[in-house]
Amino acid sequence: MGPYRGLAIIFAFYALGEFTRFALNLSIPGSVIGMLYLLVALLGGAVRLEWVESEAELFVKNMSVMFIPPGVGIVAYLGLLRTQAIPVFGALVISFLVTLFVTSKTVEWMGGGK
């Protein structure tokens with residue numbers, strides 16, 4: 001296949017995830033479902049890592065661009081955030097602590113508890 005094989009594979013799994021979300025009326029984003037499908041395909045051998053590796057690295061290197069729309073959204077709702085600062089800050093702190101705990105336990109479990 002040509003140089004666009006990796007992009008075609010990634011976008012095909014993205015589209016499959018979006019279709020699944022729409023067809024089953026799920027609240028999980030289609031991109032997450034698509035990445036789970038891609039993970040299964042990689043683990044199952046239907047897709048080889050070298051087919052998508054360079055394109056995936058390109059997306060990861062440019063991930064900061066993906067945070068621009070949420071940043072603009074935050075600015076648009078700045079007034080609402082000011083009135084709800086305490087609940088938002090509390091949710092941020094709690095979600096940070098839960099993420100930190102789950103990540104540390106996952107690393108500990110994968111490392112064999114060393």
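**Overall fold**

I read the protein along its sequence and got the pattern α-α-α-α-α-α. The radius of gyration is 19 Å, well over the 13 Å that the globule rule gives for 114 residues, so the protein is more spread out than a compact globule. I keep in mind that this is a predicted model. My count of elements gave six helices and zero strands.

Next I took the extents. The C-alpha trace spans about 55 × 45 × 30 Å along its principal axes. Buried residues make up 12% of the 114 residues. I then looked at contacts with a separation of 6 or more: residues 24 or more positions apart account for 46% of them.

**Largest pocket**

I looked up the volume and noted about 150 Å³ of space in the largest pocket. Which elements give two or more residues to its lining? They are α1 (5–24) and α2 (30–44). I listed the lining residues as I10, F11, Y14, S31, V32, M35 and F59.

**T20**

I turned to T20, which lies in helix α1. Is T20 buried or exposed? Its relative accessible area is 11%, and the cut-off for buried is under 20%, so T20 counts as buried. I then checked its contacts, leaving out residues up to four places away in sequence. T20 touches N25, L26, I33 and Y37.

Definitions and conventions: Residues numbered from 1 in each chain as written. Predicted model: local features only at pLDDT ≥ 70, side-chain atom pairs only at ≥ 80, totals over all residues. Heavy atoms only, no water. 1 Å grid on protein atoms, 1.4 Å probe; cavity = no way out; pocket = protein on both sides within 12 Å on 5 of 7 lines; lining within 4 Å. Points joined across faces, edges and corners; volume = space filled by probe spheres on them. Helix = DSSP H or I, 4+ residues; strand = E, 2+ residues; numbered from the N terminus. Buried < 20%, exposed > 50% of the residue type's maximum accessible area, 1.4 Å probe, protein only. Contact = heavy atoms within 4.5 Å. Rg over C-alpha atoms; globule rule 2.2 N^0.38 Å.
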